Amino acid sequence: MGLLSEGSPLSWEETKALADHVREHGVNQFINLYHRLKSRQGDVLKWGDEVEYIIVKFDDDKQVARVALKAKDLLAKLNEKELADPKGVKSLWRPEYGAYMIEGTPGKPFGGLMAHFNLVEANMRYRREEVTELLASDECVMSITNFPRLGAPNFTYPLCQPHPEDPTSAARSLYFPDEAIFPGHPRFKTLTRNIRMRRGEKVSIKLKVFKDVNTKLPVEGAPPGEPDVVLLDAMGFGMGCCCLQLTFQACNITEARRLYDQLAPLCPIMLALSAASPIYRGYLTESDCRWNVISSSVDCRNEEERGLLPLQNSKFRIAKSRYDSIDSYLSPEGAKYNDVPLTYDENVYKRLIDGGIDHLLAQHVAHLFIRDTVSLFSEKVNQDDNEDTDHFENIQSTNWQTMRFKPPPPNSSIGWRVEFRPCEAQISDFENAAIVCFVVLLTRVILSYQLNFLTPISKVDENMQTAQKRDACRKERFWFRRSSKTTEQRAAAAATSTKAAVQEKDKEDKATTNGSNAPWSNGMPKLNGHGVNGMNGIGTNGIDSDHTDTDDEDNELFQLLTINEIFNGKPNVFPGLVPLIRSYLQSMEVDTDTHCTIEQYLRFIQKRAAGELVTTATWMREQVLSHPDYKQDSVVSERINYDLLKRIQSIQQGKHVEPALLGQGNHSKTKDFIPPALQKQLAKNGCCEDK
Ligand code: ADP
Ligand code: MG
Ligand code: MG
Ligand code: MG
Ligand code: MG
């Protein structure tokens, strides 16, 4: 999302009346953009993260912490630099749902050099410092997934009260005042109102309370007959959470579809590993993650669509919220694992097919388009379907799924991209950078070794629920695809192939490059999937790079593995994600500092997966349970909330080392520039750092 322009939102009645108009033109726009861009080739790897933050205000006298409703003013200042020099800034800042939230990304995406992994954490640190400079001494910018007392009495600064009876209120929540919704752009309140209106009632988010010995039932506000439920009733409870997202550019549409598919089964796995949100509205719950909360927080399905009433006025029963895990794979290899029924309008599907879109992509788009627009601006109603893509984007950008398949924007140099969206925001830049670098490395390994993680969608859905359970990272098991023999051979062969051979291969690639995913640099470590030991490289190791699925007959192809086994390996079943990355790295030339940084990240991930370090969610629970003010009643009081956030502040500032969370402290060699010596080498090798 670019800097948001102001606009005039239509009323819900007007928006509703234009639902078919948006659908019709959105589909046309997709067909047109597809044909304009389907043959686009040779985009290089670029990638970037998005981190969302909450602004917290501490009252040290009263020992309370609140969310500070100042994102609008803060963004005005943060955006000044960008407005003056859009291409030269080191960070970009965007509004998010909460009036207490901001989203930061690097000023420009990182690219295909190993050395770029060393820049991520420094850039995150820079972002945090940049915001901190603009805050008062009692305020703090925090990358926490949820503010523990969000929606509890008096959680905002300045104090605002909800007005559930006010007909002009967007949320009409009992707990979440409209003032906590970002006021700088009408999109957020409009979405809130329209989702509620479309649904026909307020959203309803239900979490089981963590039952302790003194937990008082019913929980305040519990729905009738469900005394152990913490009920949340507004979009802000979900969209007001923070997350960590990643976007990668693929060399072409085929690679993008493949990455989308291969990463989809890893979404629940990364959700479990990054679990960071056990507390809602001041209660400890049974859930460790935000996912179901945010999913329910924008669930615009009416009762017929949810299956509570017979279909009369609505077209379909719809199985999931528009915010949920993906429902179908996009690559030919993925097709046979599309085992959940896909809801879509046959006419829309047929228009896509007649428009020259293949079955898998047509059903994906048709499925996205079962949703109605829930936010429409008068300026955007009439569009040129040959040029504009706003109606397509309208529906695409309000299908908030674990993965997003992003077509190139109109008139830009940007290629086909995929976005990885499940991860929860971590406390420290180190942790966030570790997760980002890990996932980017994983994409390279997937492409290079032609790994196959495809798992039936129904099992991925099951894993999504498992991932959110209390302490899932240490206690639960997840459906995971057993690796084929060839995968292990590929990894082993790559690990033994010498760097010299790799460099020799680079020269060959240079000579034979056909423009597809052309490397940026020659003889330098680069990360394009088909570069070093990808399509071509593997062949040289004498391993059949054909992707065969003969082992599909094996009824033990899908096994239940722990997070530890998935990341660190299980003999004869799966080599482990981290060992696979390590073996890939052995064939790469990496400068010492970057190597050191990556190693720290990998070790951290291994330890968390092994349970040697705990997830943020588990750590937060332990902080609450051991707090002197805790009454074993599941309640996270103002005082506990304050102390927890103070502790988090000192961790993110590096003032306090928390061994359970981060071991004995981490000292990555992160830098905010590529060292001159390396740059010289790049220049010598004819690399263009950025185009
Ligand atoms: P959205 O909110 O729609 O997901 P953002 O613009 O907030 O998108 O974030 C997109 C992320 O993609 C940022 O980290 C950005 O650095 C990165 N990015 C920008 N251009 C490219 C590109 N060409 N390829 C891959 N990633 C990119
Ligand atoms: Mg964004
Ligand atoms: Mg976004
Ligand atoms: Mg965001
Ligand atoms: Mg995003």
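Analyst: Let's begin with a definition: angles under 35 degrees count as roughly parallel, over 145 as roughly antiparallel, 65 to 115 as roughly perpendicular and the rest as oblique. This is a predicted model, where local features need pLDDT of at least 70 and side-chain atom pairs 80 or more, while totals for chains, interfaces and linings use all residues. Residues are numbered from 1 along each chain as its sequence is written, with chains lettered from A and ligands numbered from 1 in written order.

User: Are H20 and H21 roughly parallel or antiparallel to each other?

Analyst: Helices are DSSP runs of H or I with at least four residues, numbered from the N terminus. The axes (lines fitted to C-alpha atoms over the stretch in contact, with angles from 0 to 180 degrees between N-to-C directions) of H20 (residues 577-586) and H21 (residues 592-610) come within 10 Å and cross at roughly 165 degrees. H20 and H21 are therefore roughly antiparallel.

User: Which residues of H21 does H20 meet?

Analyst: Contact means that C-beta atoms, placed from the backbone, lie within 7 Å. From H20 come Val578, Ile581, Arg582 and Leu585. Their partners in H21 are Ile598, Leu602, Ile605 and Gln606.

User: How many of the residues of H20 are buried?

Analyst: Buried means 20 or more other C-beta atoms within 10 Å of a residue's own (exposed is 12 or fewer, partly exposed in between). The buried ones include Leu577, Ile581 and Tyr584. H20 is mostly covered, and the count is 7 of its 10 residues.

User: Which residues does Ile581 touch?

Analyst: Residues up to four places away in sequence are not counted here. Ile581, itself buried, touches Leu441, Leu442, Val445 and Leu602.

Note on methods: Helices (H or I, at least four residues) and strands (E, at least two) are DSSP runs, numbered from the N terminus. Two residues are in contact if their C-beta atoms, placed from the backbone, lie within 7 Å.
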